[in-house]
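Visitor: I am new to this structure and should like to understand the terms used to describe it. Would you show it to me, so that I may ask about them?

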Amino acid sequence: MNENQRVQQVLSGNTSAFAYFVESYQDMAITIAYRICGNMQDAEDVVQESYVKAYRNLHTFRSESKFSTWLYRIVYNTAVTFSKTRIWTGMMETEIEYAVDLSDRGADAGLAERERREVVKDVLERMPKGDALLLTLYYLEDHTVKEIASITGLNEPNVKVKLFRARKMFKELLTECFSMEDAGYS
Amino acid sequence: MKEKKRDMEDAELRELIQTTGKKAPENLQYRIMHQIEAEHALTPKKVPVTKKSVSLLRDLGNIFGVMYILLAAIVGGAYLLLGEAFLQSPQFWGTVVLVSLIFSLFWLITRLDYHLREKRK
């Protein structure tokens, strides 16, 4: 059974068919909400509210886009409204000029898997929320630039530029963290 | 060469970021489904379609029922008070036609009102 058939089932009154969408997309939804809100408690509330909104407005869903894209757009908007913050800030833009090429370094070789995960998590949290979100959408679920544009409401060239900058900044911060690890500051 | 390097970097970034995905708590799905089911249960159900035709017939019966009762009363009254000859007079038929017209007009207004209300809904 494909997603459109499941949507039709829910629209005809079978609410339990909606559980499929909750089960399939709740992890990514909570990741998006967490990137914007910054804490799990708020992220859970945002995801719950978003799913209820999606259920109420399911009749407006057109099959032109994927259900996940439509849902993540709702999660994104709800989280932005909930956290009442601007997520597209220009901060740290000057710092990224000196980003170091990630593939040139072998510093991560010595880090244990768990430590590396912590470092990456820390780096994403230090980045501006919008940039961390773009990287998450692009690399975690392999969304296309078009889909990311549709989720965030930005236009495609803007997504490309921001993604490029986010990637650079991520590499720079990661290198910084690795250098601190190497120097014993962790 | 440059593209290959970028692909390698992309793969590396992907691998790193894959580890940062959050996992929804176990009770979240239950919370969401519970709220959705409660909302579904509290949503007023749609009025059955059959009600429309019932209401249509009821209006028709009510208005024309009263009209026929009134006409019967007029016929009975005229027969008893003014005699059988009056029932043949144009004056009597004029009254009957006037009463029928007034009730038909009233029924038409009722239908029009119903139609406009449905349209607004």
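Guide: This is a predicted model.

Visitor: How do you know that the span of α4(A) agrees with its number of residues?

Guide: The expected span is 1.5 Å times one less than the number of residues. For the 17 residues of α4(A) this comes to 24 Å, and the end C-alpha atoms are 24 Å apart, so the two values agree.

Visitor: Which residues of α4(A) are buried, and what do they pack against?

Guide: The buried residues are A:F67, A:W70, A:L71, A:Y72, A:I74, A:V75, A:Y76, A:T78, A:A79 and A:V80. They pack against α1 (3-11), α2, α3 and α7 of chain A.

Visitor: What describes the packing of α2(A) with α4(A)?

Guide: Two packed helices are described by the angle between their axes and the distance between the axes. Here the axes come within 9 Å and cross at roughly 35°, and the crossing is right-handed. Among the residues that make this contact are A:F21, A:Y25 and A:M28 of α2(A), and A:L71, A:V75 and A:A79 of α4(A). By class, the contact has 16 nonpolar residues, two polar and no charged.

Visitor: Which residues touch the most other members of the largest nonpolar core?

Guide: Of its 56 residues, these are A:A29, A:I32, A:A33 and A:V75. Helix α2 of chain A, residues 19-37, gives the most to this core, with eleven residues. Leaving aside residues up to four places away in sequence, A:V75 touches A:A29, A:I32, A:A33, A:V46, A:V47 and A:S50.

Visitor: What makes α4(B) a helix that is hardly covered?

Guide: A residue needs 20 or more other C-beta atoms within 10 Å to be buried. Among the 31 residues of α4(B), the count of buried residues is zero.

Visitor: Why is B:F103 called partly exposed?

Guide: B:F103, found in helix α4 of chain B, has 18 C-beta neighbours inside 10 Å. Buried requires 20 or more and exposed 12 or fewer; 18 lies in between, so B:F103 is partly exposed. Its contacts, not counting residues up to four places away in sequence, are with B:I63, B:F64 and B:M67. B:F103 and B:F64 are 39 residues apart in sequence, and their C-alpha atoms are 7.0 Å apart in space.

Visitor: How many residues does each chain give to the contact between chain A and chain B?

Guide: Chain B gives 26 residues and chain A gives 27. On the side of chain B, the elements that give two or more residues are α1 (2-18) and α2 (26-42). The largest share, ten residues, comes from α2(B). By class, that side has ten nonpolar, seven polar and nine charged residues.

Visitor: What describes the crossing of α3(A) and α2(B)?

Guide: Their axes come within 10 Å and cross at roughly 35°, and the crossing is right-handed. The residues in contact include A:V47 and A:Y51 of α3(A), and B:I32 and B:I36 of α2(B). They divide into seven nonpolar, two polar and three charged.

Definitions and conventions:
Residues are numbered from 1 along each chain as its sequence is written. Chains are lettered from A and ligands numbered from 1 in the order in which they are written. This is a predicted model: local features need pLDDT of at least 70, side-chain atom pairs count only at pLDDT 80 or more; totals for chains, interfaces and linings use all residues. A nonpolar core is a set of buried Ala, Val, Leu, Ile, Met, Phe, Trp, Tyr and Cys residues joined through C-beta atoms within 7 Å. Helices (H or I, at least four residues) and strands (E, at least two) are DSSP runs, numbered from the N terminus. Two residues are in contact if their C-beta atoms, placed from the backbone, lie within 7 Å. Ala, Val, Leu, Ile, Met, Phe, Trp, Tyr, Cys and Pro count as nonpolar, Asp, Glu, Lys and Arg as charged, and the others, Gly among them, as polar. Axes are lines fitted to C-alpha atoms, for helices over the stretch in contact, and angles run from 0 to 180 degrees between N-to-C directions. A crossing is left-handed if the near helix is turned anticlockwise from the far one by less than a right angle, and right-handed if clockwise.
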